[in-house]
Amino acid sequence: MAESDARRPAAGCPVFLLTFVSTLLLQRGAADGTGAAEPPHRRFEYKYSFKGPHLSQSDGNIPFWVHTGNAIPSADQVRITPSLRSQKGSVWTKNRVSFEHWEAEVTFRVSGRGRMGADGLAVWFTADQGLDGPVYGAADQWNGVGVFFDSFDNDGKKNNPVIIVVGNNGQLVYDHQNDGTTQSLGTCLRDFRNKPYPVRAKITYYRKTLTVMINNGFTPDKDDYEFCTKVDNMVLPDEGFFGISAATGGLADDHDVLSFLLFRLTEPGQQPPPPESEIPKEEQEKFQEEFQNFQQELDKKKEEFQKEHPAVQGQPIEDLFESVNDREIRQVFEGQNRIHLEIKQLHRQLAMILDEQRRYVSVITDEIAKKDASAGTGQLDAAGQQQLGSVLGTQQEVLRTLNELRNSLSESLSRVGSVQQQDNAGGVGAYETIQHFNDIKEHLHSVRRDVEHLVKRNAQNPAEKAVKCPDVPPMPACLSTVHFIIFIVVQSVLFFCYIMYKSQQEAAAKKFF
């Protein structure tokens with residue numbers, strides 16, 4: 001017996017080792033199977049999403065969404081309810097969603113002045129739109145699921161703010177007094193009020209499992225999610241609407257939704273359904289009917305146009321519209337017309353300047369001839385002859401330069417006219433057009449250089465080139481100094497005589513009194 005007892009532990013060791021090794025192999029195989037599971041394929045669905053910075057249209061509506069109640073859409077967010085008492089609002093998708101698996105990312109901000117807020121915000125997926133009602137601004141007895149972000153403690157258990165997942169088959173009435181705890185399928189305590197960054201919630205429904213992840217808004221990292229709750233074996237309607245609602249009571253918060261992004265999830269190895277299957281049959285028939293009506297109206301207008309314009313009958317309607325090449329040729333032709341007008345205007349201005357310079361030359365020549373005739377040969381001083389010769393030479397040089405400019409502009413004008421005639425005849429090529437424009441450009445540059453050179457030459461010695469007017473002779477003095485002194489002395493003597501005469505008259509008049 002002692003020997004058998006001693007051998008019993010030795011015999012049990014192989015069995016224990018075999019069990020331990022098999023357990024390790026099973027766990028490793030399970031871990032390998034879990035790690036090898038591929039994640040689902042995500043496809044963004046823009047018709048069931050919204051985000052800034054151009055969230056709302058000019059008429060205040062959200063594309064593919066409808067808002068009710070006190071909801072206020074803006075360019076970068078949707079204020080579901082303002083921070084006023086007894087407010088409620090919601091936004092809902094216009095079209096039904098028929099995804100088997102989906103994932104929704106909601107970015108929102110709940111802010112208020114008080115330490116406590118009310119009532120909260122809810123994210124919905126229901127068979128019908130709950131546009132208005134007592135459950136966070138949406139209808140009660142819904143068929144689907146609601147994820148509630150409850151900020152007010154109705155039951156007094158000090159377990160708020162809280163995130164609650166509540167499902168309903170259309171028969172249950174929401175338990176407000178107990179904050180839905182008696183009907184909740186999953187909860188987690190998270191404070192989502194007055195955070196430095198927007199709060200993000202990721203709600204995933206994949207293979208009949210609803211998972212809620214939360215970003216508490218303490219960091220700007222968009223991917224910093226933490227697990228909140230998970231509900232297994234959850235059955236949702238095959239089709240439904242997504243919505244977001246909020247409500248306030250005696251206390252009030254601002255409930256702002258910055259974005260709602262919806263993704264379709266497809267299992268690995270499965271192809272997503274074609275786009276045609278996403279449109280309901282009723283809408284497809286409606287769109288097809290509208291297309292046929294538009295097509296009939298277009299055919300009718302084509303017939304009316306051909307009746308009104310019999311000259312174009314037999315030609316394709318498409319040929320009557322402007323093509324890309326025709327538009328480019330028209331733009332080139334318009335540019336040539338503008339250049340032609342500018343050159344014409346410049347030609348007129350140069351002609352006016354040329355006439356003025358000719359008039360100046362003729363006037364100066366006449367003045368020289370008159371002075372030569374009156375003063376005789378050799379009587380004009382050397383300085384005057386030099387100044388007049390300099391002025392005459394400058395004017396002749398200006399006249400010659402302006403003649404050259406005028407000839408150059410006339411040549412440019414003729415080139416532009418020839419290009420326009422060739423364009424009208426339809427025989428101008430791309431290379432010839434470019435060559436003509438290059439020639440015109442060179443002529444205009446030469447005109448500009450000549451004008452600048454002329455201005456510089458005239459500005460170098462303005463004292464030599466300018467015509468000096470003769471000095472005005474001094475005006476003769478009308479009264480000399482001697483005459484002025486005699487006038488003053490005579491005036492003073494007369495003044496004293498008048499004073500003496502006046503005093504004698506006054507003295508004689510006093511004797512009678």
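1. A residue is buried when its relative accessible area is under 20%. Glu 105 has 17%, so this residue counts as buried. The structure is a predicted model.

2. Glu 105 forms a salt bridge with Arg 42, and their closest N and O atoms are 3.1 Å apart. Distant parts of the chain are linked here: Glu 105 sits in strand 7 (residues 102–111) and Arg 42 in strand 1 (residues 41–44), 63 residues apart. Arg 42 is partly exposed, at 37% relative accessible area.

3. Arg 207 pairs with Glu 267 in a salt bridge, with 3.8 Å between the closest N and O atoms. Arg 207 is in the loop between strand 12 (199–205) and strand 13 (210–215), and Glu 267 is in the loop between strand 16 (254–266) and helix 2 (275–278), so the pair ties together parts 60 residues apart in sequence. Glu 267 is buried, at 19% relative accessibility.

4. Shared partners join Arg 42, Glu 103 and Glu 105 into one network of salt bridges.

5. Asp 191 forms a salt bridge with Lys 195; the closest N and O atoms are 3.8 Å apart. Asp 191 is partly exposed at 40%, whereas Lys 195 is buried at 13%. The count of salt bridges comes to 14.

6. Glu 282, Glu 285, Glu 289 and Glu 290 form a negative surface patch. Glu 289 lies in helix 3 (residues 281–308).

7. Now the overall picture. The protein has 8 helices and 16 strands. Of its 513 residues, 32% are buried. Among contacts between residues at least 6 apart in sequence, 69% join residues at least 24 apart.

Key: Residues are numbered from 1 along each chain as its sequence is written. This is a predicted model: local features need pLDDT of at least 70, side-chain atom pairs count only at pLDDT 80 or more; totals for chains, interfaces and linings use all residues. Side-chain values use heavy atoms; hydrogens and water are left out. Patches are made of residues with over 30% relative accessible area and no salt bridge: like charges are joined within 9 Å, nonpolar side chains (Val, Leu, Ile, Met, Phe, Trp, Tyr) within 5 Å. Accessible areas come from the Shrake-Rupley method with a 1.4 Å probe; for residues, only the protein chains shown count as cover. A salt bridge is a side-chain nitrogen of Lys or Arg within 4 Å of a carboxyl oxygen of Asp or Glu. Lys and Arg count as positive and Asp and Glu as negative; His and the chain ends are not counted. The place of a charge is taken as NZ of Lys, CZ of Arg, CG of Asp or CD of Glu. Helices (H or I, at least four residues) and strands (E, at least two) are DSSP runs, numbered from the N terminus. Buried means under 20% relative accessible area, exposed over 50%, partly exposed in between (1.4 Å probe, protein chains only). Contact means heavy atoms within 4.5 Å.
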